[in-house]
Amino acid sequence: MAALNERRLSRRFLMRLPLTVRWTDEMVVGEAETESREVSSRGIYFHLPKGLKSGSPLEIVMTLPHELTQAGPVKVRCL
């Protein structure tokens with residue numbers, strides 16, 4: 001079996017970082033605590049306990065640890 005070519009443009013890092021995910025699905029606002037599985041410069045791979053409608057707005061807040069920032073924990077907010 002031939003190997004598939006890697007199509008990702010940026011390197012992925014296996015990282016478990018705490019995440020708070022908020023969303024609006026129709027008229028319902030939800031929030032869940034989870035953690036990342038993989039992180040790259042182009043995105044974050046994580047699981048939510050519930051499925052969301054495609055295109056639902058998300059807010060993700062993650063805390064980068066001192067080991068990455070060299071300046072203490074840093075919160076990053078993504079929309």
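1. Glu59 counts as buried, at 16% relative accessibility; here buried means under 20% relative accessible area, exposed over 50%, and partly exposed in between, with a 1.4 Å probe and protein chains only. The residue lies in strand S5. Helices (H or I, at least four residues) and strands (E, at least two) are DSSP runs, numbered from the N terminus.

2. Basis of the values. This is a predicted model, in which local features need pLDDT of at least 70 and side-chain atom pairs count only at pLDDT 80 or more, while totals for chains, interfaces and linings use all residues. Residues are numbered from 1 along each chain as its sequence is written, and side-chain values use heavy atoms, with hydrogens and water left out.

3. Overall layout. The chain has 1 helix and 6 strands, arranged along the sequence as β-β-β-β-β-α-β. Of its 79 residues, 27% count as buried. The accessible surface comes to about 6,400 Å², and 55% of that belongs to carbon and sulfur atoms; such areas come from the Shrake-Rupley method with a 1.4 Å probe, and for residues only the protein chains shown count as cover. Among contacts (heavy atoms within 4.5 Å) between residues at least 6 apart in sequence, 41% join residues at least 24 apart.

4. Surroundings of Glu59. Not counting residues up to four places away in sequence, Glu59 touches Thr20, Val21, Arg22, Arg77, Cys78 and Leu79. Its side chain makes a polar contact with the side chain of Arg77 at 2.3 Å. A polar contact is a pair of N or O atoms within 3.5 Å; within protein, one must be able to donate a hydrogen and the other to accept it, and residues adjacent in sequence count only if both atoms are side-chain atoms.

5. Salt bridges of Arg22. A salt bridge is a side-chain nitrogen of Lys or Arg within 4 Å of a carboxyl oxygen of Asp or Glu, and by this rule the count comes to 5. Arg22 and Glu59 meet in one of them, at 3.1 Å from N to O. This pair links distant parts of the chain, with Arg22 in strand S2 and Glu59 in strand S5, 37 residues apart. Salt bridges that share partners join Arg22, Glu31, Glu59 and Arg77 into one network. Within it, Glu31 is bridged to Arg22, with the closest N and O atoms 2.8 Å apart. Glu31 is partly exposed at 49% relative accessibility, and Arg22 is also partly exposed, with a relative accessible area of 30%.

6. A separate pair to check is Glu38 with Arg12. These two form a salt bridge whose closest N and O atoms are 2.7 Å apart. Here too distant parts of the chain are linked: Glu38 sits in strand S3 and Arg12 in the segment before strand S1 (13–14), 26 residues apart. Arg12 counts as partly exposed because its relative accessibility is 39%.

7. Thr20. This residue is in strand S2 and counts as buried because its relative accessible area is 14%. The side chains of Thr20 and Glu33 make a polar contact at 3.0 Å. Apart from neighbours within four places in sequence, Thr20 is in contact with Glu31, Ala32, Glu33, Glu59, Ile60 and Val61.

8. Nonpolar core. Which residues make up the largest nonpolar core? There are 10: Met15, Leu17, Leu19, Val21, Trp23, Ala32, Val39, Phe46, Ile60 and Met62. Strands S2 (18–25), S3 (28–40) and S5 (58–64) each supply at least two residues of this core, and S2 gives the most, with 3. Such a core is a set of buried Ala, Val, Leu, Ile, Met, Phe, Trp, Tyr and Cys residues joined through side-chain atoms within 4.5 Å. In soluble globular proteins, nonpolar side chains tend to be buried together.

9. Met15, one of the core residues, is in contact with Ser36, Arg37, Glu38, Val39 and Leu68 once its neighbours within four places in sequence are left aside.

10. Strands S3 and S4. S3 pairs with strand S4 (residues 43–46) in the antiparallel sense over 4 bridges; two strands pair if DSSP finds at least two bridges between them. S3 and S4 form a hairpin, with 2 residues between them. Ser40 stands opposite Gly43 in S4.
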